[in-house]
Amino acid sequence: MDLIEHILTQSYPRQNGFPSTKQVAYPVSIYTSAFSLTDSKSCGASQTSIRPKCNACNKIVLNIDTAQPVKALRFDEYATQFDGTSAAIKGNRCDYLLYDDFQNPSRLVLCELTCSEAQYVEPNEGNYSEGKRARAYKQIKDSIENLLNIFILDVRILTTTSKIGLFGWREEKDVSDADKAIKSMLDFAVTPSEQEPILYTDDFILGHNFIFVQIKYPCHFDWNKQYR
């Protein structure tokens, strides 16, 4: 058991009055080579509603390349188990907490995923008027602040060499002839989100030496790369 797992499954729940008789789930996967992540909320909803354009999709939202062990904690799932208790984690939550055990260098990534039409990533007239990127930023920032409020874990995070807030986005596309015709007309009005597979934006400052990075599928996130 690594330090982060020990803090999140032992120290944090006990210090916040979570019943010692209840086992704390730690939904983590360990990867030693290239792997992919999916947006279970979007893909699950798509499967339930039987959306034709999702039938042939491989459900991958983010590809990650690594040559060293990386742990992927399903953070939203972990946090949900405390809802309604004294250990409840307030605010927005991102999908994943990714980290390695290497002390120098080391990397920690808080990741939010979405599969969305391009128009909804930017500010729009839809359900999330601020845009999916801005919403992801809020979920990641709140998650950072919550984790930094946990004793000892704050030191582990702040001393990590590389810290990233990662927005993984896959463009949801229709395949009908009508959709193709619409897309051809919109090709003259593409946004930076659509043009740049890796996007850094100074509009989103996470603080605590975290940088905000957007990776658009099928571009890969390189665990060992030095991002800006």
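The following questions and answers go through a predicted model of one chain.

Trainee: What should I know about the model and its numbering?
Mentor: This is a predicted model, in which local features need pLDDT of at least 70 and side-chain atom pairs count only at pLDDT 80 or more, while totals for chains, interfaces and linings use all residues. Residues are numbered from 1 along each chain as its sequence is written, and side-chain values use heavy atoms, with hydrogens and water left out.

Trainee: How many helices and strands does the chain have?
Mentor: Helices (H or I, at least four residues) and strands (E, at least two) are DSSP runs, numbered from the N terminus. By that count, the chain comes to 8 helices and 10 strands.

Trainee: What share of the residues in the chain is buried?
Mentor: A residue is buried under 20% relative accessible area, exposed over 50%, and partly exposed in between (1.4 Å probe, protein chains only). The chain has 228 residues, and the buried share is 46%.

Trainee: What is the strand order of the open sheet?
Mentor: Two strands pair if DSSP finds at least two bridges between them. The sheet has 7 strands with mixed pairing, in the order β1-β4-β5-β6-β7-β9-β8. Its edge strands, each pairing on one side only, are β1 (28-31) and β8 (198-200).

Trainee: Which residue of β4 stands opposite S29?
Mentor: β1 pairs with β4 (residues 70-74) in the antiparallel sense, over 4 bridges. Within β4, the residue opposite S29 is A72.

Trainee: At what angle does helix α5 run to β6?
Mentor: Axes are lines fitted to C-alpha atoms, for helices over the stretch in contact (heavy atoms within 4.5 Å). Angles run from 0 to 180 degrees between N-to-C directions. Helix α5 (residues 132-148) lies across β5, β6, β7, β8 and β9, and its angle to β6 is about 150°.

Trainee: How many residues of β7 are buried?
Mentor: Both faces of β7 are covered. One side holds S162, I164, L166, G168 and R170, and the other holds K163, G165, F167, W169 and E171, all buried. The count for β7 is 10 of its 10 residues.

Trainee: Which residue of β9 is the bridge partner of F167?
Mentor: β7 pairs in the parallel sense with β6 over 10 bridges and with β9 over 7 bridges. E112 stands opposite F167. In β9, the bridge partner of F167 is Q214.

Trainee: What distance separates N and O in the salt bridge of D2 and K71?
Mentor: A salt bridge is a side-chain nitrogen of Lys or Arg within 4 Å of a carboxyl oxygen of Asp or Glu. D2 is in the segment before α1 and K71 in strand β4, 69 residues apart. Both residues are buried, and the N to O distance is 2.6 Å.

Trainee: Which residues are joined with K71 into one salt-bridge network?
Mentor: K71 also meets D101 in a salt bridge (3.4 Å, N to O). D101 sits in the loop between β5 and β6, 30 residues from K71, and D101 is partly exposed at 40% relative accessible area. Salt bridges that share partners join K71 into one network with D2 and D101.

Trainee: Why are E145 and K141 separated by about one helical turn?
Mentor: The side chains of E145 and K141 meet in a salt bridge (4.0 Å, N to O). The two are separated by about one helical turn because they are 4 residues apart in helix α5.

Trainee: What is the omega of the cis peptide bond that joins Y217 and P218?
Mentor: Most residues other than glycine have a negative phi, and most peptide bonds are trans. P218 lies in the loop between β9 and β10 (220-222). The bond joining Y217 and P218 is cis, with omega of about 10°.

Trainee: What is the phi of H208?
Mentor: H208 lies in the loop between β8 and β9. H208 is partly exposed, with a relative accessible area of 35%. Its phi is positive, in a residue other than glycine, and is near 55°.
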